[in-house]
Amino acid sequence: MTQSTSAQAVRPTLAPSRAARELGLKRGEFELAVMLGRVRTVGEVAGGRRRVTHEEMDRVRGRAGFPATLRESVRAVGTTEGAELMGISTARFTRLARAGFLTPVKFYLNRYRATVWLYLAEELRHFAESEINATLLTGRMPEAMRRRLEEGQDVRARNWRGRYAGALLRQSDDPWERAAAVASLLDSVQLADIVRDPYERAYLNRLGPAPRTHGAPDSPGTQILEKITTADDPDEIRWLRSSLLIGLVQARVQRPAPRPAPRPAPRSAQEPGRPGLEWQEPGDVAAEACVREARGLMKWLRRRRA
């Protein structure tokens, strides 16, 4: 194989910014395309920034109607435009979203620090076109739904978190990265209760998604974002805790979390004529314990289902 042929065979991956430009997408549209699986990314190292292969670029560009179909598939709209697409009032649209019938795909805080939820335009059209949903678009809403809304039900943040978690889990097969995706939705108290090892917690934080804000921890905007991105529903928290426990067992069996190298014992502490004790890698010792932990957890889950 010639040198030129080898250079063509190994094509470097593209950074997200360049991939977005070549696909004709804005930064936010590209991030949404990745989240929805419209554009697949690869991680060259665990915790490293994800990139796009040339093969994936060719696949996306080869789809019928590119680039118009790609941009339309990631078009996100707010409440007013969404209500117009569905042919309903903004008040009814908001009630449907709060009740969980419409799932946000992203959000942002406006200058008044109010949360603005955005929805996929194509999902809203499909919802409105389905005969199953006809009764929700006109007339009086079901009594049980109206009662829950009057009591303050609003599952938009929870539904967004569920969608976000699914997107993070689809992006990686590495068990530690998948565990980090789940851990990122739990507060620090819940995380410390499940992951007692500080080195494992630090590793999960390093592999987790980048913070959505760079403001001061006690700033109003940061507090609002943390509230939205942190699980607060009891059922949601139970599911995340169980998923994290199972994910940790799988991750520990594959490899231990990085930790500082052990310091050798001082020579003065060694007995004359005997070599110093060698350090035993904790990951090898813990593997069998992790397997036993996994079996016990699986038995517990089966008893819960029964």
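Which strands does α15 lie across? The answer is β2 and β3, and α15 runs at about 160 degrees to β2. Keep in mind that this is a predicted model. The views below start with the whole chain and then zoom in.

**View 1. The whole chain has 17 helices and three strands.**
There are 306 residues here, and 35% of them count as buried. Now take the contacts in the chain with a separation of 6 or more: residues 24 or more positions apart account for 70% of them. Keep that in mind when you trace the chain from one end to the other.

**View 2. Three strands make an open sheet in the order β1-β3-β2.**
The pairing in this sheet is antiparallel. At the edges you'll find β1 (76-77) and β2 (106-109), each of which pairs on one side only. β1 joins up with β3 (residues 115-120) over two bridges. To spot this pairing, look for Ala-76, which stands opposite Leu-120 in β3.

**View 3. β2 and β3 form a hairpin.**
These two strands pair in the antiparallel sense over four bridges. For a landmark, find Phe-107: its bridge partner in β3 is Trp-117. Five residues sit between the two strands.

**View 4. Helix α15 (residues 220-229) holds Thr-222 and Leu-225.**
This is the helix that lies across β2 and β3. Is Thr-222 buried or exposed? Thr-222 has a relative accessible area of 5%, so it counts as buried, the cut-off being under 20%. Its side chain makes a polar contact with the side chain of Ser-219, at 2.8 Å. Leu-225 is buried too, with a relative accessible area of 12%. Now compare two kinds of distance for Leu-225 and Leu-109: they are 116 residues apart in sequence, and 8.4 Å apart in space, C-alpha to C-alpha.

**View 5. Helix α6 (residues 79-86) has a buried side and a face turned away from it.**
Which residues of α6 are buried? They are Gly-82, Ala-83 and Met-86. These residues cover an arc of only 100 degrees around the axis, which means they are on the same side of α6. There's a general rule to remember here: an α-helix has 3.6 residues a turn, so residues three or four places apart point the same way. The buried residues of α6 pack against β1, α7, α8 (121-129) and α9. On the face turned away from the buried side, look for the exposed residues Thr-80 and Glu-84. After α6 comes Gly-87, with a positive phi near 70 degrees.

**View 6. Helix α10 (residues 143-150) has three names to find: Met-145, Arg-146 and Leu-149.**
These are the buried residues of α10. Why are they on the same side of α10? Because they cover an arc of only 100 degrees around the axis. What covers them includes α7 (90-99) and α9 (134-137).

**View 7. Asp-174 is in the loop between α11 and α12 (175-183).**
Asp-174 has a relative accessible area of 16%, so it counts as buried. What does its side chain reach? Look for the backbone nitrogen of Trp-176, at 3.1 Å.

**View 8. The largest nonpolar core has 69 residues.**
Five of its members touch the most other members: Phe-30, Leu-96, Leu-102, Leu-204 and Leu-244. Which helix gives the most to this core? That's helix α11 (residues 156-170), with seven residues. For a closer look, pick Leu-244. Leaving aside residues up to four places away in sequence, Leu-244 touches Ala-179, Val-182, Ala-183, Leu-186, Leu-191, Ile-194 and Val-195.

Note on methods. Residues numbered from 1 in each chain as written. Predicted model: local features only at pLDDT ≥ 70, side-chain atom pairs only at ≥ 80, totals over all residues. Heavy atoms only, no water. Buried < 20%, exposed > 50% of the residue type's maximum accessible area, 1.4 Å probe, protein only. Polar contact = N/O pair within 3.5 Å; in protein donor to acceptor, adjacent residues only side chain to side chain. Core = buried A, V, L, I, M, F, W, Y, C linked by side-chain atoms within 4.5 Å. Contact = heavy atoms within 4.5 Å. Arc of directions from axis to C-beta. Pairing = 2+ DSSP bridges. Axes fitted to C-alpha atoms, helices over the stretch in contact; angles between N-to-C directions.
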